[in-house]
Amino acid sequence: MTRTFSIIKPDATRRNLTGAVNAVIEATGLRIVAQKRVILSKAQAEQFYGAHKERSFFNELIAQMTAAPVVVQVLEGTDAVKSYRAIMGDTNPEQAPVGTIRKLFALSIGENSVHGSDSDENAAIEIAQFFTDAEIVG
Ligand code: CMP
């Protein structure tokens with residue numbers, strides 16, 4: 001069992017899709033072991049996406065991620081990082097396979113409904129930004 005970090009993004013919470021996204025997550029066998037709905041501050045979003053600071057879309061990304069509530073989550077399961085990335089689909093929803101969260105729900109490459117960690121190492125860093133150990137209940 002491993003863990004990954006997930007964000008249900010503003011484009012999805014705005015359209016009342018939290019439950020629909022969670023249904024896809026749970027159907028894959030991943031367990032939601034921590035979850036909270038928050039509004040990210042600009043500082044939190046900039047820290048979280050620090051790796052993309054130099055990218056042309058950075059300011060737009062920060063504006064989108066702070067514009068409405070997000071749901072931050074810890075998911076647990078077999079090879080959780082890889083399993084969640086598979087069910088999320090490609091960053092660009094046009095390239096995402098049928099049945100994936102982004103194919104089902106994403107609006108665009110920027111407003112792509114969900115984030116998932118890209119490695120076990122980043123999962124641990126991202127989880128620690130939002131949850132204490134005591135808040136994660138498997
Ligand atoms: P995420 O998986 O959260 O990681 C970085 C985010 O930046 C990505 O999802 C998208 O929301 C956004 N992003 C990546 N590439 C682009 C792009 N070309 N244009 C706009 N936003 C992007």
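How much space lies in the largest pocket? About 780 Å³ of space lies there. The volume is the space filled by probe spheres set on grid points, joined across faces, edges and corners. A pocket here is an open set of points on a 1 Å grid over the protein atoms alone, where a 1.4 Å probe fits, with protein on both sides within 12 Å along at least five of seven lines. Lining residues have an atom within 4 Å of a point. The model is predicted: local features need pLDDT of at least 70, side-chain atom pairs count only at pLDDT 80 or more, and totals for chains, interfaces and linings use all residues. Residues are numbered from 1 along each chain as its sequence is written, and side-chain values use heavy atoms, without hydrogens and water.

The largest pocket is lined by 30 residues. Tyr49, His52, Phe57, Leu61 and His115 are the closest to its centre. By class, the lining has eight nonpolar, 13 polar and nine charged residues. H7 gives the most, with four residues.

The ligand takes the space of this pocket. Its surroundings (heavy atoms within 4 Å) include Lys9, Thr91, Arg102 and Gly110. The shell divides into four nonpolar, five polar and two charged residues. For His115 the distance is 3.0 Å, and for a side-chain N or O atom of Asn112 it is 3.2 Å. The protein covers 80% of the ligand's own 450 Å² of accessible area (Shrake-Rupley, 1.4 Å probe).

Key:
Polar contact = N/O pair within 3.5 Å; in protein donor to acceptor, adjacent residues only side chain to side chain. Sits in = over half its atoms within 2 Å of the grid points. Nonpolar A, V, L, I, M, F, W, Y, C, P; charged D, E, K, R; others polar. Helix = DSSP H or I, 4+ residues; strand = E, 2+ residues; numbered from the N terminus.
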